[in-house]
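Have the structure open while you read.

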Amino acid sequence: MKVCLLLILLLLPAALPADAQTELVIAYLDVGQGDSTIIKMPNGKTLLIDGGERVETQTILDMADSLSIERFDVVVATHPHADHIGGLVDLFYEFPVGRVLDSGQQHTTKTFEDYLTAIEENKIPYTMVRDGDDIDLDPTVDIQVLNPVKNLPFAMHDPDNFNNNSVVVMLKYGEFSAIFPGDIEAATEGLLSNRDIDVDLLLASHHGSNTSNTPTYLNAASPEVVIIYAGQDNIYGFPHGEVLQRIDALGPLLFRTDVDGHILLYANQTHYEIETLGTNKSVVIPEFPNLLVVSALPIAAVIILWRYGKWKL
Ligand SMILES: [Zn+2]
């Protein structure tokens, strides 16, 4: 009896995991050399940002299934490169999608033509977004578009500008905030650095390229965690060594899809937890009190009651 009671008291703190009050879930998918992020709101509404390469549709569908997602209410295509829109093409035929938002940039590739055809054939509402637009999915989650800015400094439909005209999204939920920047380069990072972009979690721009992720921008964002989308042994050498050094100098935790596989984040109003499915890492931010200390409290209470109180076991 005594042992049972002690065990129950001991296990109580451990039985209250960080995700007990989980309300927001973000899945950073390992889609090889590409980007794809699934966000599930506290009210169950869903947002998909980018879809990786064409072959990655099933990766998105598998994660949607494991998160009990049956529809994407909004899909954001940050810019018209194949490593961001490829996996969306078959998804539009195979999975319910409420509406598609993108930068409005037109590419000449077959992948982009197929993307437009898939939107049209499935009669999905399709809108261009700009700085200042909100993506209203859940009243407790603030999702703002920060880029492209309204008076574009970079001409539309010019392949040289596709990256800088990426849709950039900032999300805030309780104490948690994050930026999803697509493949913006140093020029757009310069524009954003003059604004309030202080966040907890920063997705590195353009797969950790050294043409982005400037020290000024990283300092302005001052993240606790950086996540990099990169494919194993990719031909571009992403993430670049100098970017890794800059991140290291700044000090945030770093996770990479090429190393850690899928990266899952569970946030409630005060804490968030990151789990990596490839490397089985797990971290809660801010850290909870040491479980040993928390567990020791009920033990001390039992000993005091038993030794000095009238309580007999
Ligand atoms: Zn890319």
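This is a predicted model: local features need pLDDT of at least 70, side-chain atom pairs count only at pLDDT 80 or more; totals for chains, interfaces and linings use all residues.

## The zinc site

Around the zinc ion, the four donor atoms subtend angles of 87 to 155 degrees, which makes the arrangement irregular. To count as tetrahedral, four donors need all angles between 85 and 135 degrees; square planar (four donors) or octahedral (six) needs opposite donors over 155 degrees apart and all others between 65 and 115, and anything else is irregular. The protein donors are Asp83 (OD), His84 (NE2), Asp183 (OD) and His207 (NE2), lying 2.1 Å from the zinc ion. A donor here is an N, O or S atom within 2.8 Å of the metal (3.2 Å for Na, K and Ca), and water is not among the atoms, so sites may look incomplete.

Along the chain, the donors are spaced D-H-x98-D-x23-H. Asp83 sits in helix H3 and His207 in the loop between strand E10 (201-203) and H6, so this pair ties together parts 124 residues apart in sequence. Asp83 is buried at 13% relative accessible area, and His207 is buried at 2%. Buried means under 20%, exposed over 50%, and partly exposed in between, with a 1.4 Å probe and protein chains only.

Residues are numbered from 1 along each chain as its sequence is written, and side-chain values use heavy atoms, with hydrogens and water left out.

## Aromatic rings

A search of the whole structure turns up eight aromatic pairs. Rings of Phe, Tyr and Trp (its six-membered ring) pair if their centres lie within 6.5 Å; planes under 30 degrees apart are stacked, over 60 edge-to-face, and the rest tilted. Phe92 and Tyr115 make a tilted pair, 6.1 Å centre to centre with 40 degrees between the planes. That pair links helix H3 (residues 82-94) to helix H4 (residues 110-121), 23 residues apart.

Phe92 is buried at 3%, and Tyr115 is buried at 1%.

## Helix H5 and the whole chain

In helix H5 (residues 186-193), Thr188, Glu189, Leu192 and Ser193 are buried. Seen down the axis, they fall within an arc of 145 degrees (taken from the directions from the helix axis to the C-beta atoms), so they line one face of the helix.

The chain has nine helices and 15 strands, which are DSSP runs numbered from the N terminus (helices H or I, at least four residues; strands E, at least two). Of its 313 residues, 51% count as buried.
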